[in-house]
Amino acid sequence: PNATQIDAHAGATVWKEVRVIAGVTPDDQGPSYPNAVREWCINTAAVDAFTHSVLAGNEDGILYRWNLDSNTFTESVVLTPGIGEAYTPTLVGPDGQVYAINNATLFAVGALNAGVDPGPRATRIGLAFAGRNPSPGGTRLRYTLPVAAEVALDVLDVTGRYVATVSQGAAAAGEHTVIWNGRDASGARADAGLYFARLRVGGETRTLKLVLAR
């Protein structure tokens with residue numbers, strides 16, 4: 001890949017080659033192309049700043065880790081065995097896992113980066129289903145807190161009208177599972193249909209669309 005530099009004096013864009021990623025897998029194109037190699041999907045490469053490396057997918061179905069210090073491939077993982085299959089954006093998660101799509105399948109590769117501060121992950125709150133939805137016997141919800149906090153988890157109808165409170169008050173850091181029993185604040189059975197779970201923690205809000213079936 002190349003990097004651009006802007007010439008402040010001339011106002012022109014100057015291309016500067018900063019590093020070359022050489023082809024790895026030969027591609028038998030016949031005598032007309034004796035040195036052909038299978039293509040990189042380099043426009044979707046992801047930089048792993050923690051390890052000073054780049055994760056790049058290739059037409060050969062392999063995800064490579066390109067170490068920028070040594071300019072070598074220090075790891076490779078076969079995602080799909082096919083040649084020329086669709087391969088689209090790769091990214092590095094806050095926990096160091098690499099997420100890549102090959103042939104319409106999402107892959108999660110690797111483990112936590114030992115000794116690395118996960119950074120942004122420590123400030124996130126989350127809201128998700130803790131089971132199937134819709135599901136008989138109530139809707140199970142799971143919310144996650146990075147630190148202890150005051151929470152309010154409510155259910156709203158499609159117009160935004162308050163229906164019921166599922167959880168409210170102080171909650172410890174970590175995961176919490178709660179159940180909405182399908183009733184409104186008065187205890188009456190809510191109508192079947194579409195609702196929203198809304199989690200409020202400090203100044204942050206998370207919402208989740210849910211379906212109540214009868």
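Ser167 lies in strand 13, which spans residues 162–171. The structure described here is a predicted model, and strand 13 is the element of the chain in which confidence is highest, with a mean pLDDT of 96. The relative accessibility of Ser167 is 14%, and the residue therefore counts as buried, the cut-off for this class being under 20%. With residues up to four places away in sequence set aside, Ser167 touches Tyr143, Val151, Ala152, Leu153 and Val178. One of these neighbours, Tyr143, also takes part in a polar contact, which joins its side chain to the side chain of Ser167 at 3.4 Å.

Because its relative accessibility is 3%, Trp66 counts as buried. The side chain of Trp66 forms a polar contact of 2.9 Å with the side chain of Asn71. Trp66 was also compared in position with Asp48: these two residues are 18 residues apart along the chain, and their C-alpha atoms are separated by 9.8 Å.

Strand pairing was examined next. Strands of a sheet pair through backbone hydrogen bonds, in either a parallel or an antiparallel manner. In this model, an open sheet is formed by 3 strands in the order 10-11-14, with antiparallel pairing. Strand 10 (126–129) and strand 14 (174–180) are the edge strands, each pairing on one side only. On average, neighbouring strands of this sheet are turned by 25° against each other when direction is ignored. Strand 10 and strand 11 (residues 139–145) run antiparallel and are joined by 4 bridges. Within this pairing, Gly126 has Thr144 of strand 11 as its bridge partner.

The mean pLDDT of the chain is 79, and 80% of its residues reach 70 or more. In contrast to strand 13, strand 1 (residues 2–7) shows the lowest confidence, at a mean of 45. The pLDDT is below 50 over residues 1–6, a stretch that has 21 contacts in the model beyond near neighbours in sequence. Where pLDDT is low, predicted coordinates should not be read in detail.

Notes. Residues are numbered from 1 along each chain as its sequence is written. Side-chain values use heavy atoms; hydrogens and water are left out. Helices (H or I, at least four residues) and strands (E, at least two) are DSSP runs, numbered from the N terminus. Buried means under 20% relative accessible area, exposed over 50%, partly exposed in between (1.4 Å probe, protein chains only). A polar contact is a pair of N or O atoms within 3.5 Å; within protein, one must be able to donate a hydrogen and the other to accept it, and residues adjacent in sequence count only if both atoms are side-chain atoms. Contact means heavy atoms within 4.5 Å. Two strands pair if DSSP finds at least two bridges between them. Axes are lines fitted to C-alpha atoms, for helices over the stretch in contact, and angles run from 0 to 180 degrees between N-to-C directions. pLDDT is the predictor's confidence in each residue, from 0 to 100.
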